Amino acid sequence: MNISSVSSGVSSTSSTTQDSELKALQKQITKLQQQVVEENQSDDDADTKEAKIELLNTQIQQLQMQMQKIQTEEAKKNSEAQSSAISKTEQAANTLVATNNILDIMA
């Protein structure tokens with residue numbers, strides 16, 4: 001008797017979309033970090049530099065939080081899919097045991 005494998009059924013489409021979102025956010029962060037470097041090298045007065053850099057750093061933090069949220073959601077989906085796959089595998093194994101028991105009784 002064969003037991004077929006149980007797939008997790010996780011869609012690679014959502015993973016690809018999230019990868020694209022993460023890459024886009026990282027690209028924005030890199031641009032903002034470059035702006036921080038440029039502002040540090042600018043001729044602006046100290047107060048203006050500080051205000052601009054503080055704003056840029058706040059934007060960077062917000063983007064990093066968005067990235068973390070996406071990664072957390074992805075981890076949660078993966079965990080749920082893995083739990084579902086384990087449950088389906090256990091159900092298949094239980095069915096096989098029950099079938100074997102019935103066959104033993106009939107023999």
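**Confidence**

I began with the chain average, which is a pLDDT of 82, with 80% of the residues scoring at least 70; pLDDT is the predictor's confidence in each residue, from 0 to 100. I note that this is a predicted model, in which local features need pLDDT of at least 70 and side-chain atom pairs count only at pLDDT 80 or more, while totals for chains, interfaces and linings use all residues. Residues are numbered from 1 along each chain as its sequence is written, and side-chain values use heavy atoms, with hydrogens and water left out.

I then looked up residues 1–11, where pLDDT stays under 50 and for which the model has twelve contacts beyond four places in sequence; a contact here means heavy atoms within 4.5 Å. Where pLDDT is low, the predicted coordinates should not be read in detail.

**Overall layout**

I found two helices and zero strands in the chain, taking helices (H or I, at least four residues) and strands (E, at least two) as DSSP runs numbered from the N terminus. Of the 107 residues of the chain, 17% count as buried, where buried means under 20% relative accessible area, exposed means over 50%, and partly exposed is in between (1.4 Å probe, protein chains only). The chain exposes about 8200 Å², and carbon and sulfur atoms supply 51% of that area; accessible areas come from the Shrake-Rupley method with a 1.4 Å probe, and for residues only the protein chains shown count as cover. Among contacts between residues at least 6 apart in sequence, I read that 75% join residues at least 24 apart.

**Nonpolar core**

I listed the largest nonpolar core, which has eleven residues in all: L22, L25, I29, L32, V36, I53, L56, I60, L63, M67 and I70. Such a core is a set of buried Ala, Val, Leu, Ile, Met, Phe, Trp, Tyr and Cys residues joined through side-chain atoms within 4.5 Å. Helices α1 (12–40) and α2 (46–106) each supply at least two residues of this core, and α2 gives the most, with six residues.

L63 is placed in helix α2 and is buried, with a relative accessible area of 11%; leaving aside neighbours within four places in sequence, L63 is in contact with L25, Q28, I29 and L32. The C-alpha atoms of L63 and L25 are separated by 6.3 Å, although the two residues are 38 residues apart along the chain. M67, not counting residues up to four places away in sequence, touches L22, L25, Q26 and I29.

**Salt bridges**

My search of the whole structure gave two salt bridges, each defined as a side-chain nitrogen of Lys or Arg within 4 Å of a carboxyl oxygen of Asp or Glu. K52 forms a salt bridge with E39, the closest N and O atoms being 3.9 Å apart, and this pair links distant parts of the chain, with K52 in helix α2 and E39 in helix α1, 13 residues apart. The side chains of K52 and D44 also meet in a salt bridge, at 2.9 Å from N to O.

**Buried charges without a salt bridge**

For charge I counted Lys and Arg as positive and Asp and Glu as negative, with His and the chain ends not counted. K49, in helix α2, is buried yet has no salt bridge, and the nearest side chain of opposite charge, E39, is 6.2 Å away. Leaving aside neighbours within four places in sequence, K49 is in contact with E39, N40, S42 and D44.

E74, also found in helix α2, is buried with a relative accessible area of 16%. E74 has no salt bridge, and K77, the nearest side chain of opposite charge, is 5.5 Å away. Not counting residues up to four places away in sequence, E74 touches S15 and Q18. I also noted that E74 and D19 are 55 residues apart in sequence and 9.9 Å apart in space, C-alpha to C-alpha.
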